[in-house]
Amino acid sequence: MKRPQYVFRPQLSIPDHRRAWTCLQQMPANQRKDFLVRAILAEEQREEFKQMLRDVIQEELARGVVIQEPTKPTEEKEVPKQTLDFLASLCD
């Protein structure tokens with residue numbers, strides 16, 4: 001049986017292709033195949049994760065779960081002068 005083969009010929013005029021080619025060239029020659037395999041599998045895993053996340057969000061929205069925005073902190077209020085005077089008298 002013949003081994004499957006894939007030839008990678010990036011178009012260096014495309015920025016993503018140029019970046020990918022640069023990354024590949026930085027890898028030691030004996031590790032490039034493994035690097036490409038890991039990159040392909042990582043992309044596949046990322047897509048699966050995105051789909052799972054979409055499914056969970058859709059289920060939660062279908063159940064009517066509402067995500068509230070965090071409340072804004074209230075403005076700091078000035079401490080009344082009487083309170084400051086009282087606290088100062090305690091220190092004497």
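Analyst: Ala, Val, Leu, Ile, Met, Phe, Trp, Tyr, Cys and Pro count as nonpolar, Asp, Glu, Lys and Arg as charged, and the others, Gly among them, as polar. By these classes, the lining of the largest pocket has 13 nonpolar, 3 polar and 3 charged residues. The model is predicted: local features need pLDDT of at least 70 and side-chain atom pairs count only at pLDDT 80 or more, while totals for chains, interfaces and linings use all residues. Residues are numbered from 1 along each chain as its sequence is written, and side-chain values use heavy atoms, with hydrogens and water left out.

User: What makes a space a pocket, and which residues line the largest pocket closest to its centre?

Analyst: On a 1 Å grid over the protein atoms alone, a pocket is an open set of points with protein on both sides within 12 Å along at least five of seven lines, whereas a cavity is a set where a 1.4 Å probe fits but cannot get out. Lining residues have an atom within 4 Å of a point. Points are joined across faces, edges and corners, and the volume is the space filled by probe spheres set on them. For the largest pocket that volume is about 680 Å³. The lining numbers 19 residues, of which Tyr 6, Phe 8, Arg 32, Leu 36 and Ile 40 are closest to the centre. Helix 1 (15-26) and helix 2 (32-62) are the elements that give two or more residues to the lining. Helix 2 gives the most, with 7 residues.

User: How do you know that the length of helix 2 agrees with its number of residues?

Analyst: Helices are DSSP runs (H or I, at least four residues; strands are E, at least two), numbered from the N terminus. The expected span is 1.5 Å times one less than the number of residues. Helix 2 has 31 residues and should therefore span 45 Å; its end C-alpha atoms are 45 Å apart, which agrees. Just after helix 2, Gly 64 takes a positive phi of about 85°.

User: Why is the pair of Phe 8 and Trp 21 called tilted?

Analyst: Rings of Phe, Tyr and Trp (its six-membered ring) pair if their centres lie within 6.5 Å; planes under 30 degrees apart count as stacked, over 60 as edge-to-face and the rest as tilted. The structure holds 1 aromatic pair. Phe 8 and Trp 21 are 6.2 Å apart, centre to centre, with 40° between the planes, and the pair is tilted. Phe 8 lies in the segment before helix 1 and Trp 21 in helix 1, 13 residues apart.

User: What makes Arg 46 and Glu 43 a salt bridge?

Analyst: A salt bridge is a side-chain nitrogen of Lys or Arg within 4 Å of a carboxyl oxygen of Asp or Glu. The closest N and O atoms of Arg 46 and Glu 43 are 3.1 Å apart, and a salt bridge is formed. Side chains of opposite charge can pair when their charged atoms come close. Both residues lie in helix 2, 3 residues apart, about one turn of the helix. Arg 46 is partly exposed at 42%, and Glu 43 is partly exposed at 37%. Glu 43, Arg 46, Glu 47 and Lys 50 are linked in a network of salt bridges.

User: How many salt bridges does the rule give, and what are the N and O separations for Arg 63 with Glu 60 and Lys 81 with Asp 85?

Analyst: The count comes to 6 salt bridges. Arg 63 and Glu 60 have their closest N and O atoms 2.2 Å apart. Arg 63 is in the loop between helix 2 and helix 3 and is exposed at 62%, whereas Glu 60 is partly exposed at 26%. For Lys 81 and Asp 85 the closest N and O atoms are 3.2 Å apart. Being 4 residues apart in helix 3, Lys 81 and Asp 85 are separated by about one helical turn. Lys 81 is exposed at 61%, and Asp 85 counts as partly exposed at 43%.

Definitions and conventions: Buried means under 20% relative accessible area, exposed over 50%, partly exposed in between (1.4 Å probe, protein chains only).
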